[in-house]
Amino acid sequence: MSNEAVLKIHDLDVQYYTDAGVVYANNKINLELRPGERLGLVGESGSGKSTLALAILGMIKPPGGIAGGEILLDGRDITKLTEEEMRQVRGREISMIPQGAMNSLNPVMRIQDQIIDSMVDHELGLDKVTMERMAGDALEAVDLNRNVGRMYPHELSGGMKQRACIAIAIAMKPKVIIADEPTSALDVVTQRQVMQTIRHIQSEMGAAVILIGHDMGLMAQFVDRLAVMYAGQMAEIAPKEQAFRSPMHPYTDMLIESLPRLATKGEFHGIPGITPLLRDLPPGCVFNPRCPKAFAPCLKTTPKFLEHRPNQWVACHLYENESETARS
Amino acid sequence: MRYSWSFVIKRFGLMLLIIWSGATLNFFIPKLTPRNPLREKLLQEASRGGYIPPGFEEMVQAYEAKFGLDRSVWQQYLSYVQDMLRGDLGFSISNYPKTVWELILEGLPWTIGLLITTTLAAFLIGSLLGALMAWPKASKLFRYVLPTLLIFGAVPAYVIALTLIYFIAFRLHLLPIGGGHSIGVLPSWNMTFILDILQHALLPALALVLAGSGGWAIGMRGMMVTIQGEDYMTFAEAKGLKNWRLFYRYGVRNALLPQVTGLALALSFIVSGSVLVELVMGYPGIGTLLARSINQLDYFMIYGIVFVIITGIAITMFIMDMIYPLLDPRISYESK
Amino acid sequence: MERLKLSLRYLRRNTSLAIGLGILVFLVLFTIIGYMVIDPLIDPYPLAGPASTAPTLNYCPRTDPECEKTEPKAYIFGTDAQGRDLLGVAVAGTWMTVQIGLMAGIIGLGFGAFLGFTSAFYGGWYDMIVRWAVDVMLTVPGLLLLVVIASSLGNQTITVTGMGLIIASIAWRGPARVIRSQVLSMRERPYVMMARLNGMGGMSIIFREMMPNLLPYLGAGLVDAVTAAIFASMGLAALGLGPLREPTLGVTIYWVINQSAFLRGLWWWGAVPIVIVALVFVMLFQISIGLDEVANPRVRRSQ
């Protein structure tokens with residue numbers, strides 16, 4: 001496993017221009033993804049995680065657009081690509097596993113045709129028989145019978161549909177897979193099956209996965225590193241253990257605290273306050289209105305996103321001053 | 001097997017029900033008027049002096065027998081239904097001894113030819129243009145210019161036909177003014193005759209297509225807008241599919257389904273429009289026949305034509321019901 | 001005043017509605033001013049003026065050489081082959097056609113809505129019969145039903161009111177189906193169930209809870225019903241079953257066809273009713289789209 005990042009996001013800004021004002025959906029996002037790595041992306045609704053996913057896929061549509069920064073895929077800045085070049089990247093180098101599999105499959109096409117049409121449009125130059133075989137392989141890889149390919153979506157159960165979507169996403173062995181809350185709509189049992197499928201495929205193919213969600217428990221079981229977003233900005237990125245055991249950003253801390261634990265039954269800890277509107281962000285650190293540890297600089301300047309500890313990146317004023325007592 | 005016998009039979013029964021209802025209305029509505037127009041008409045013809053059509057006495061007797069005015073209404077109705085079932089629509093008053101059915105058969109091929117081609121053309125062209133109007137990646141021309149052409153859809157087809165006659169046929173002499181084929185040319189199956197027919201059919205067809213496309217375009221545009229918000233469109237785009245494939249296989253293909261349903265519902269309006277266009281252009285189909293019959297108050301013809309049209313529509317709806325499962329794999333008519 | 005300003009600003013965004021209402025205002029003004037200029041009992045009828053005159057500002061018959069100096073008559077829309085002053089026809093005919101449309105449309109909508117409402121609300125046998133009737137009536141082309149009805153009236157001449165009533169006899173089909181399906185879906189909605197649980201009576205539920213939500217459909221339904229009624233009246237007239245003595249737009253077009261106006265070069269005879277008819281239909285069409293946008297803003301936002 002090479003150490004060179006397959007995906008590097010550098011100071012990415014995504015904005016939407018609405019009648020009501022500019023919405024800062026993504027603000028100076030910095031992220032690195034290594035090959036074969038599993039990265040979890042968590043945040044409340046409205047934190048900008050889905051926007052980030054769309055931005056990586058180049059699918060931000062007017063009235064929105066990428067306002068700054070770069071996204072490097074194997075060193076190539078994909079924000080600068082033409083529409084046609086980006087289309088080639090989609091599905092082949094970066095692919096997506098959608099959230100609502102119920103509606104993500106074309107109702108009037110057979111499953112295998114939906115796997116194959118992507119191959120055809122990427123001009124792989126393969127003949128029909130080979131493509132059908134590859135489609136069948138993809139289906140088997142997600143634990144579906146080969147002849148599911150001849151069926152229509154309405155003939156499949158929810159879990160099968162989701163797995164079909166995964167098969168479509170991996171058929172051309174992409175380098176990066178973005179799984180946008182792939183199990184939200186499923187029951188717990190199916191959730192587990194689907195997550196196991198994703199893990200299995202991903203390790204076999206060596207693809208990097210960004211798993212988007214807000215189920216911390218699921219994250220804990222699946223990911224190597226955790227990225228926490230808040231109000232359009234990246235709050236913290238840390239390896240899993242460090243994120244759970246010694247979170248740096250107060251938001252991460254409160255998120256993990258709010259997980260119900262078997263040991264301490266009874267009280268639920270929430271996070272007081274509500275997420276700010278993305279077009280009406282508070283000055284200074286975006287979390288300061290709800291942060292229990294906020295102090296003077298938090299109200300004035302936005303903290304920079306820096307590697308304050310080895311392998312752990314955070315944007316928080318608490319760590320910026322060397323003279324501050326280090327947190328243990 | 002996507003079909004089951006029970007489904008087919010149910011739909012067939014529905015078709016028969018419509019035909020029967022149409023025939024019944026045809027029978028009872030004239031009876032509801034306080035006067036008996038048939039009788040009056042026949043008496044009028046008789047008292048005109050000058051010219052009494054040959055066979056008039058026989059016709060009066062046939063009329064008496066068929067409608068058996070001395071029998072009860074229900075008996076009359078029963079014999080009427082029997083006649084309908086046998087396909088006996090009676091004699092034409094104005095063209096005795098030709099039967100109603102004979103005259104209808106002369107005009108039917110013209111009407112069916114015109115109807116089928118223009119309906120399909122208006123549907124396909126209208127739907128395609130409507131889809132293009134709603135597709136953000138389509139050229140600006142489609143998105144902004146076409147909506148203005150939608151206005152044609154508001155005006156009745158025969159009004160458009162009149163305008164076309166004036167400008168294209170009368171002023172510019174590009175196409176013939178009316179009729180199905182040039183006068184004096186004997187119908188025969190050779191190229192020149194066929195071209196002649198096409199020339200004459202062009203203006204009526206053009207009027208019908210211009211008037212008809214508008215409605216389909218608007219419906220299709222609405223459907224495409226809805227579909228673009230669907231999850232499968234987003235996922236398809238994330239797969240990196242080409243623009244045209246997204247448009248046709250994912251967009252249009254799905255939007256077409258409700259449009260086809262709409263087609264079945266719109267059949268009666270399409271027929272009405274076509275009838276009037278035929279009238280205006282003197283096209284030798286059922287429409288002109290109907291207008292002439294009204295003019296001459298040839299009641300048997302009028303009722304006969306109305307019945308045949310209703311039957312035609314019912315049959316077409318049945319055929320469309322059968323086709324629908326072929327288009328949408330989700331619909332299966334198996335009995336559960 | 002505030003409301004007026006808000007409405008005007010809304011109109012600027014909803015171009016369809018704006019265009020439609022604009023044409024409506026124009027037609028209303030045209031009719032009002034027109035009635036002040038013409039003599040409605042003479043001008044729209046045969047022999048009001050010289051036959052087959054092209055639109056002119058100073059008509060003078062050749063038999064009267066003095067006329068040009070003193071009193072040339074203007075026929076700005078010309079006259080038809082039977083001497084009708086086409087300006088008179090335009091003014092009186094438009095109003096007559098609209099009358100027919102309104103009459104049939106309002107009666108049709110009223111009766112249809114009543115049927116749809118009651119049948120969806122009360123259900124049972126009544127609903128089944130109404131549904132069957134409406135389905136059959138809708139499958140059969142309206143024009144043909146009207147042909148059967150109108151021709152069965154024999155040789156009596158039909159009046160404008162008569163036309164309105166004849167068309168009303170089938171105009172209820174569409175509204176009945178639309179309103180019925182709307183009420184059916186509304187009946188199961190939570191707020192109706194709440195009202196029922198609260199003990200509200202049937203009629204009271206209909207008027208206080210459901211009516212306000214039906215208003216957009218009734219509004220659109222009225223525009224559609226009037227459009228369909230005018231369509232039908234013109235179709236009937238073209239076939240010769242209209243009020244032949246009156247100069248409605250449909251009947252005028254009938255004469256244009258019947259008398260081969262275009263082939264005789266009398267283009268103005270056809271142009272007058274065609275242009276007005278086109279305006280009327282475009283107006284109704286734009287208003288219908290405009291109302292649709294009011295009810296369904298999503299379509300607008302996608303452009």
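Visitor: Which residue of β8(A) stands opposite Leu41(A)?

Guide: This is a predicted model. A strand pairing is read from its bridges, residue by residue. Here Leu41(A) faces Ile212(A) of β8(A). The strands concerned are β3(A) and β8(A), residues 208–213, which pair in the parallel sense over five bridges.

Visitor: Which strand is joined to β3(A) by four bridges?

Guide: That strand is β9(A), residues 225–230, and it runs parallel to β3(A). Within this pairing, Val228(A) is the bridge partner of Val42(A).

Visitor: How many of the residues of β3(A) are buried?

Guide: Burial is read by counting neighbours: a residue with 20 or more other C-beta atoms within 10 Å of its own is buried. In β3(A), which spans residues 38–42, five of five residues are buried.

Visitor: Which residues lie on each side of β3(A)?

Guide: Arg38(A), Gly40(A) and Val42(A) lie on one side, with Leu39(A) and Leu41(A) on the other; both faces are covered.

Visitor: Let us turn to the interface. How many residues of chain A are in contact with chain B?

Guide: An interface is read by listing the contacting residues of each chain. On chain A there are 25, in contact with 19 residues of chain B. On the side of chain A that touches chain B, α2 (83–89), β6 (94–97), α3 (101–104) and α4 (111–121) each supply at least two residues. The largest share, three residues, comes from α4(A).

Visitor: What is the make-up of that side by class?

Guide: The side of chain A that touches chain B has ten nonpolar, ten polar and five charged residues.

Conventions. Residues numbered from 1 in each chain as written. Chains lettered and ligands numbered in written order. Predicted model: local features only at pLDDT ≥ 70, side-chain atom pairs only at ≥ 80, totals over all residues. Buried ≥ 20, exposed ≤ 12 C-beta atoms within 10 Å, placed from the backbone. Pairing = 2+ DSSP bridges. Contact = placed C-beta atoms within 7 Å. Nonpolar A, V, L, I, M, F, W, Y, C, P; charged D, E, K, R; others polar.
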